[in-house]
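Thanks for coming, everyone. Please look at the screen, and I will walk you through one model.

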Amino acid sequence: MATPQQQQLTGEALANPPVPMAHQTSMAVSSKLQANHVNFYYGAFQALKDITMGIRTNKVTAFIGPSGCGKSTFLRTFNRMNETIRNTHVEGELLLDGENLLEMDVTGVRRRVGMVFQKSNPFPKTIFDNVAYGLRVNGMTKRSYVQEMVEKSLQRAALWTEVKDKLNKPASALSGGQQQRLCIARALAIEPEVLLLDEPCSALDPIATLKIEELLFQIKDITTIVIVTHNMQQAARVADQTGFFFMGSLIEFDDTKVIFQNPTKKETEDYVTGRFG
Ligand SMILES: Nc1ncnc2c1ncn2[C@@H]1O[C@H](COP(=O)(O)OP(=O)(O)OP(=O)(O)O)[C@@H](O)[C@H]1O
Ligand SMILES: [Mg+2]
C-alpha cells in the first residue's frame, strides 16, 4: 500500500503530469520569451492565429514556413516593431522574462531585444557610426569603449577585415551582403539579451553565411537567438528548436531534430521534405 507521502506524490503527479521538454511551449518558467494565444491583425486581415510558444533562454530557435505565413510578423511582436505599422493590433500575451512585454517601456524592450531585419537598413552614416549608434543612444560614449565595441562587433559579424581601413566611409558604399553584416554588427554592439534575426543570411555568400552561423554558436551563451530562415539546412545546423508556421498558425514546434526527422504533422513533413504545395 502506498505511504501518505507516496500518495501525495501521486496526487501531485496527476495534477502536474510531466511535460516532455520539447512540448513546454506554454510554460513561462524556462522561457526568455513567451507568447500566449497571440493574434495579430493588419487592418481586418488576421496574420497570426492563436500562437503559443516559449523561446528558451540561451538557445537558438528557428522559424520556418512558406512565404507570407507570418514568420516576420511574429518575430516583430517580440520587440514591438509591429507598432510602427499603422492600423495594426495585437491580442494575447507576450512575456519577456515572465513580464508583460506589451506594458514595458518600448525603448527598454528594444534595448533588450535587438533585431536584424529581412532587408538590411544601414543608417545614412559612416560604417563606424552605424555600429556605434546603439551605444551612443544608450549613453555609452566613452571613446575607447565605443571603439573597442565597434571593432569587436564588426569582427563578430565577420566584417572587420573588409572594413577596418574605411570605417569613416558611408555605409551606403558597402555591398548588400556587407550592409547586412553591418546591421548584424550594429545589433550586436549593445549586447542585447535577445537577438531576433529575420533571414540574416539571405544576401550573404556561403563563407559569410558560415561565419554568421559560427557567430550564433559563440554568442548563444550570452544571448537568446530567434532566427527566421528559408534555408532548411541552416535551421537544421543552427537551431535547437524549430517552429513551422503555415498561414498564420504555428503548426508544429519541437526540437529541431524532431521537426526535420520525425515531425508529428503531415504539413510539417511535406514542408521539410520539399513536397510542399
Ligand atoms: N505591412 C503590412 N500590411 C499588410 N499586410 C501585411 C504587412 N506585412 C505583412 N503582411 C501580410 O501578413 C502576412 C504575413 O506576412 P509576413 O511578412 O509576416 O510573412 P513571412 O512569413 O515573413 O513571409 P516571407 O517568408 O515572404 O518573409 C502576409 O499575408 C502578408 O501579406
Ligand atoms: Mg518575412
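Which strand and which helix each supply at least two residues of the shell around ligand 1? They are strand 2 (45-56) and helix 2 (71-77). Helix 2 gives the most, with three residues.

A word on ground rules. This is a predicted model, where local features need pLDDT of at least 70, side-chain atom pairs count only at pLDDT 80 or more, and totals for chains, interfaces and linings use all residues. Residues are numbered from 1 along each chain as its sequence is written, chains are lettered from A and ligands numbered from 1 in the order in which they are written, and side-chain values use heavy atoms, with hydrogens and water left out.

Helices here are DSSP runs of H or I with at least four residues, strands are runs of E with at least two, and both are numbered from the N terminus. The protein chain has 11 helices and 10 strands. Of its 277 residues, 49% count as buried. Buried means under 20% relative accessible area, exposed means over 50%, and partly exposed is in between, using a 1.4 Å probe and protein chains only.

Back to the ligand. There are 15 residues around ligand 1, and Ser67, Gly68, Lys71, Thr73 and His230 come nearest. A residue is near if one of its heavy atoms lies within 4 Å. By class, the shell has six nonpolar, seven polar and two charged residues. Nonpolar covers Ala, Val, Leu, Ile, Met, Phe, Trp, Tyr, Cys and Pro; charged covers Asp, Glu, Lys and Arg; the others, Gly among them, are polar.

Now some polar contacts. That term means a pair of N or O atoms within 3.5 Å; within protein, one must be able to donate a hydrogen and the other to accept it, and residues adjacent in sequence count only if both atoms are side-chain atoms. A side-chain N or O atom of tyrosine 42 is 3.3 Å from a nitrogen atom of ligand 1. For cysteine 69, a backbone N or O atom lies 3.2 Å from a ligand oxygen. For lysine 71, a polar side-chain atom lies 2.8 Å from an oxygen atom of ligand 1. Taken alone, ligand 1 exposes 630 Å², and the protein buries 66% of that. Those areas come from the Shrake-Rupley method with a 1.4 Å probe; for residues, only the protein chains shown count as cover.

Is asparagine 82 buried or exposed? Asparagine 82 counts as buried because its relative accessibility is 4%. Find it in the loop between helix 2 and strand 4 (88-96). Leaving aside neighbours within four places in sequence, asparagine 82 is in contact with residues including Tyr42, Thr73 and Thr88. Contact means heavy atoms within 4.5 Å. Asparagine 82 and tyrosine 42 are 40 residues apart along the chain, and their C-alpha atoms are separated by 9.4 Å.

Arginine 80 sits in that loop between helix 2 and strand 4 too. Arginine 80 has a positive phi of about 60° although it is not a glycine. Most residues other than glycine have a negative phi. Histidine 37, in strand 1 (residues 31-42), has a positive phi of about 50°.

Last stop, helix 4 (residues 127-137). Its buried residues include Ile127, Phe128 and Leu135. The buried residues of helix 4 pack against helix 5 (143-156), helix 6 (160-163) and helix 7 (176-189).
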